Amino acid sequence: MAKKRIVSTTINGTQRDFLCEPRQTLLEVLRDTLDMTGTKEGCSNGNCGACTVQLNGRPVVSCLVLAVEVDGATVETIEGVACNGTLHPLQDAFLNNAALQCGICTPGFIMQSKSLLAENPNPSEHDIRFYLAGNLCRCTGYDKIVRAVQDAAGKMSSCCEAKV
Amino acid sequence: MRDFDYAAPTTVAEAVQLLQSHKGAARPMAGGTDLIDQVRVGRLTPDLVVDIKKIPELTVLEWSANGLRIGAAVPCYRLYHDPKVTAAYTALTDSAAIIGGIQIQSRASIGGNLCNSGPAADSTPSLIALGAIVVIAGPQGTREVSVDTFCTGPGKNILEPGEFVVELKLPARAAKSGSAYQRFIPRNEMDIAVVGVGVSVTLDAAGQNFVAAKIALGAVAAKPLVAEAAAKALIGQPVSEATIQKAGEAARAIATPIDDMRGTIEFRKHVTGILTARVIQQAVERARGGK
Ligand SMILES: Cc1cc2nc3c(=O)[nH]c(=O)nc-3n(C[C@H](O)[C@H](O)[C@H](O)COP(=O)(O)OP(=O)(O)OC[C@H]3O[C@@H](n4cnc5c(N)ncnc54)[C@H](O)[C@@H]3O)c2cc1C
Ligand code: FES
Ligand code: FES
């Protein structure tokens with residue numbers, strides 16, 4: 001077996017060191033080693049977006065990132081989205097607009113939407129649908145999700161705004 | 001996933017040495033968006049994955065008098081976020097913006113798209129249309145080849161053991177030139193091309209006649225095709241519906257697609273003709289200063 005590596009990274013603002021095998025993905029390490037199960041596994045091949053996190057500020061699917069690659073990097077996950085126990089406007093908007101049913105796709109949608117709003121604070125419906133094309137939802141349908149993102153975009157004035 | 005070791009060299013020489021010492025069992029990795037899944041499902045069985053993103057040459061995006069140098073590991077989003085690159089090499093940024101979704105584009109590189117050598121790779125027809133040169137490093141030093149001859153079959157290319165792609169060089173954009181890439185897919189995004197067409201054209205000063213053209217087709221043969229007859233049908237001719245139609249016909253004539261769930265042979269050939277004409281039209285509009 002290939003030697004395990006020590007990886008030092010910053011996850012949600014906190015320094016985290018972990019041990020992993022080269023063949024482990026970031027998704028596996030988040031869920032199985034670090035017990036951060038907020039990030040979901042859907043397809044494991046990059047198609048569904050359930051495992052979306054931000055790596056050095058860019059949205060990526062963590063099932064297609066090797067954990068050893070994140071040495072020295074910053075990672076943001078769904079666990080870091082709420083601000084001191086207060087839900088992020090996106091999280092609020094998903095609840096208020098009933099933009100989830102089973103919820104397995106939701107962390108990925110929230111992480112991806114967060115990247116969208118950081119890049120484009122006033123996205124059109126088309127912008128939202130395009131930016132979220134790499135995230136699949138099999139139960140809610142996309143209309144409510146799009147509406148939730150539009151709703152959140154209009155309300156990004158809470159304490160969490162600086163964190164977007 | 002299958003067990004493998006990992007190395008992240010910081011120089012080209014070190015990477016060549018690692019690749020060479022493991023013979024065929026070492027595999028370069030840029031964004032990993034093809035590689036990681038291929039290892040997971042057992043299509044690739046490397047003993048060593050060589051992460052090439054930490055090598056400075058592999059992430060350059062640099063202008064020179066001769067054009068643009070694109071490090072082989074530069075991810076797609078860096079290309080289309082750069083207004084200068086978008087203006088000069090629009091076909092390539094058209095491609096970069098449709099490879100997977102945004103998350104994939106954060107990691108997926110043009111070098112990886114080329115080296116994966118899928119017949120439907122979305123950036124390869126654009127690289128061909130734009131006249132890219134592939135810079136390859138290996139045990140014997142560095143060599144440069146035209147991208148036209150790089151892919152040799154599905155998943156196959158001219159790289160020898162120990163070699164990897166360092167960068168792609170795009171020649172400076174000519175005055176009155178324009179380029180475009182489009183693919184036909186049943187969805188709006190996140191799908192594999194049924195047909196892909198990359199075109200670059202140069203017009204005369206008045207914008208009325210074709211002076212130069214290069215056309216490449218994806219997904220209609222075992223490897224991306226250079227549509228020479230289609231380009232010839234344009235060069236020296238006036239920009240007109242009839243000329244463009246002829247070029248479309250010439251492109252259709254060289255398509256040798258397969259039948260699969262994405263489209264029948266007949267359908268793919270038909271789409272090749274239509275799409276080629278459309279993409280030429282778009283490249284013409286851009287050569288004339290349009291978007
Ligand atoms: C959900 C999803 C959607 C996708 N959609 C598209 C799409 O629409 N269009 C499309 O064309 N592709 C698509 N792809 C495929 C893939 O994202 C692209 O081919 C991408 O450009 C590969 O780049 P990479 O940097 O991730 O390559 P990697 O996965 O790192 O490498 C790909 C292959 O090339 C080799 N390689 C990489 N870099 C080099 C180098 N510099 N020198 C030598 N060999 C090298 C690797 O060993 C490997 O075999 C998609 C993939 C996923 C997961
Ligand atoms: S689990 Fe990563 S994209 Fe589906
Ligand atoms: S809420 Fe079930 S998949 Fe989206």
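Modeller: Domain bounds here come from an automatic or database domain assignment. This is a predicted model, in which local features need pLDDT of at least 70, side-chain atom pairs count only at pLDDT 80 or more, and totals for chains, interfaces and linings use all residues. Residues are numbered from 1 along each chain as its sequence is written, chains are lettered from A and ligands numbered from 1 in the order in which they are written, and side-chain values use heavy atoms, with hydrogens and water left out.

Biologist: Into which domains is chain B divided?

Modeller: Chain B has domain 1 (5-51), domain 2 (58-171) and domain 3 (177-287).

Biologist: How many residues does the contact take from domain 1 and domain 2 of chain B?

Modeller: Domain 1 of chain B gives 13 residues and domain 2 of chain B gives 14, where contact means heavy atoms within 4.5 Å.

Biologist: What area is buried between domain 1 and domain 2 of chain B?

Modeller: About 1000 Å², with 66% from carbon and sulfur atoms. Buried area is the accessible area (1.4 Å probe) that two parts lose on being put together, summed over both. V12(B), V16(B) and T33(B) supply 36% of what domain 1 of chain B buries against domain 2 of chain B, more than any other three residues.

Biologist: What is the count of salt bridges between domain 1 and domain 2 of chain B?

Modeller: The count is zero; a salt bridge is a side-chain nitrogen of Lys or Arg within 4 Å of a carboxyl oxygen of Asp or Glu.
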